[in-house]
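Thanks for coming. I will take one model today and go through what was computed from it. Please have a look at it first.

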Protein chains: 2
Amino acid sequence: VSSRTIARYRVISLREDHYRFEPTGIDAPFVVCESGDWVLVLAITPDGQLVLARQFRHGVREAVLEVPGGIVDPGESPVAAGLRELAEETGYTAQRAEYLGRLLPNPALNTAHLHVVLAEGCRPAGTRHLEPLERIDVTLRPLDDIPAMIRSGELRHALVIAAWTMMKLREG
Amino acid sequence: VSSRTIARYRVISLREDHYRFEPTGIDAPFVVCESGDWVLVLAITPDGQLVLARQFRHGVREAVLEVPGGIVDPGESPVAAGLRELAEETGYTAQRAEYLGRLLPNPALNTAHLHVVLAEGCRPAGTRHLEPLERIDVTLRPLDDIPAMIRSGELRHALVIAAWTMMKLREG
């Protein structure tokens with residue numbers, strides 16, 4: 001029926017859509033968070049470690065263990081965005097990168113798609129470029145430890161777990 | 001520094017928190033979506049099929065393949081909420097249910113935790129109770145098909161993939 005943007009913030013806008021449901025004729029609003037697409041990078045070192053980033057997250061007000069990622073800039077490819085975020089957040093660069101696919105992070109609330117990129121041969125190769133408000137601790141963990149980290153709750157970020165699963169399924 | 005609720009909707013509220021970052025002294029707002037916790041249910045039939053629900057999702061404006069789930073009501077346990085949503089959305093009931101754990105669906109934007117429940121011995125056993133605005137198509141798929149469905153992009157809901165991964169890792 002109608003759609004309007006009701007608020008704009010740094011990273012997201014809020015969009016209110018009105019739908020009419022037939023045959024009841026009920027008219028209802030749905031509020032969704034609009035943003036550019038997101039990318040997560042599974043960055044692997046030559047000795048089989050995953051590059052992890054821990055940062056304070058305002059939704060849950062605690063430090064959360066994640067992989068590097070962020071918002072894809074307009075006109076930027078997901079792979080380029082992933083490698084840019086990897087370098088900015090961790091200082092690592094990759095020898096090769098591969099696009100693993102596209103997920104829906106939360107299709108009920110968010111317009112964004114979530115792109116997943118695999119970066120291999122990653123090495124620390126430069127200075128990080130954190131935004132003024134970013135505090136990110138970089139840590140490496142062997143890929144073989146990831147299942148136990150998910151089981152124990154050390155790795156609880158659902159989008160990171162989904163991205164890791166895409167990589168595992170690609171391996172067959 | 002400060003925190004205030006700036007808007008309330010049917011399922012979510014928006015909260016704006018102000019932080020001051022030391023040592024720069026930069027003061028910045030962060031907007032997050034507040035809601036009750038969420039639950040997803042991996043409902044398995046006696047012949048090894050997963051109960052899936054396809055419904056229109058307003059964020060991406062398309063029908064999305066998911067598992068049953070919803071918001072945990074105040075005072076309700078995650079397992080009770082999961083079995084309630086399973087019955088309401090699909091008409092299935094379970095012989096036994098198990099709490100698999102708690103994930104963070106999107107700690108940068110959402111305050112919610114995501115609880116994951118395994119329900120086994122599921123059978124169609126009653127009338128669905130859809131909310132007036134819900135349109136949900138129920139479908140069964142063999143558990144063994146899930147990896148191929150993720151690989152092909154047929155199953156793209158990241159939170160559902162993370163929940164399925166928790167179940168797989170529990171199996172060892």
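I start with the contact between the two chains: the count of salt bridges between chain A and chain B is zero. A salt bridge here is a side-chain nitrogen of Lys or Arg within 4 Å of a carboxyl oxygen of Asp or Glu. Over all chains, that rule gives 20 salt bridges.

Before going on, the conventions. This is a predicted model, so local features need pLDDT of at least 70 and side-chain atom pairs count only at pLDDT 80 or more, while totals for chains, interfaces and linings use all residues; side-chain values use heavy atoms, with hydrogens and water left out. Residues are numbered from 1 along each chain as its sequence is written, and chains are lettered from A and ligands numbered from 1 in the order in which they are written.

On confidence, the model scores ipTM 0.91 and pTM 0.91. For chain A the average pLDDT, the predictor's confidence in each residue from 0 to 100, is 90. In that chain, 94% of the residues score at least 70.

Back to the interface. Contact means heavy atoms within 4.5 Å, and on that basis 58 residues of chain A are in contact with 57 residues of chain B. The area buried between the two chains is about 5100 Å², where buried area is the accessible area (1.4 Å probe) that two parts lose on being put together, summed over both. Carbon and sulfur atoms give 66% of that area.

How are the two copies related? A rotation of 180° with 0.0 Å of shift along its axis superposes chain A on chain B, at an RMSD of 0.0 Å. That is the relation of a two-fold axis. In chain A, Ala162(A) has the C-alpha nearest the axis, at 2.4 Å. The same surface serves both copies, with 98% of the contact residues of chain A recurring in chain B. The superposition is by least squares on the C-alpha atoms of residues with pLDDT of at least 70 in both copies.

Next, the chain itself. Chain A has three helices and 12 strands; these are DSSP runs, numbered from the N terminus, with helices being H or I of at least four residues and strands E of at least two. Along its principal axes, the C-alpha trace of chain A spans about 60 × 35 × 30 Å. Of its 172 residues, 52% count as buried, where buried means under 20% relative accessible area, exposed over 50%, and partly exposed in between (1.4 Å probe, protein chains only). Among contacts in chain A between residues at least 6 apart in sequence, 58% join residues at least 24 apart.

Helix 3 of chain A covers residues 158-171. Its 14 residues reach 20 Å from first C-alpha to last, close to the 20 Å expected at 1.5 Å a residue; the expected span is 1.5 Å times one less than the number of residues. How much of helix 3 of chain A is buried? The count is 11 of the 14 residues, so the helix is largely enclosed by the rest of the structure. Among the buried ones are Ala162(A), already mentioned for the axis, as well as Trp164(A), Met166(A) and Met167(A).

Now some individual salt bridges. In chain A, Glu66(A) pairs with Arg57(A), the closest N and O atoms being 2.8 Å apart. Glu66(A) is buried, at a relative accessible area of 4%.

In chain B, Arg141(B) has two such partners to look at. One is Asp145(B), at 3.9 Å from N to O. The other is Glu154(B), at 2.7 Å. Arg141(B) lies in strand 12 (residues 136-142) and Glu154(B) in the loop between helix 2 (146-152) and helix 3 (158-171) of chain B, so this pair ties together parts that are 13 residues apart in sequence. Arg141(B) is partly exposed at 23%, Asp145(B) likewise at 30%, and Glu154(B) at 35%.

Last, a backbone item. Most residues other than glycine have a negative phi. Arg61(A) has a positive one, near 55°, and sits in the loop between strand 5 (49-57) and strand 6 (62-66) of chain A. Arg61(A) counts as partly exposed, at 42% relative accessibility. In chain B, Arg61(B) also has a positive phi, of about 55°.

That is the end of my part.
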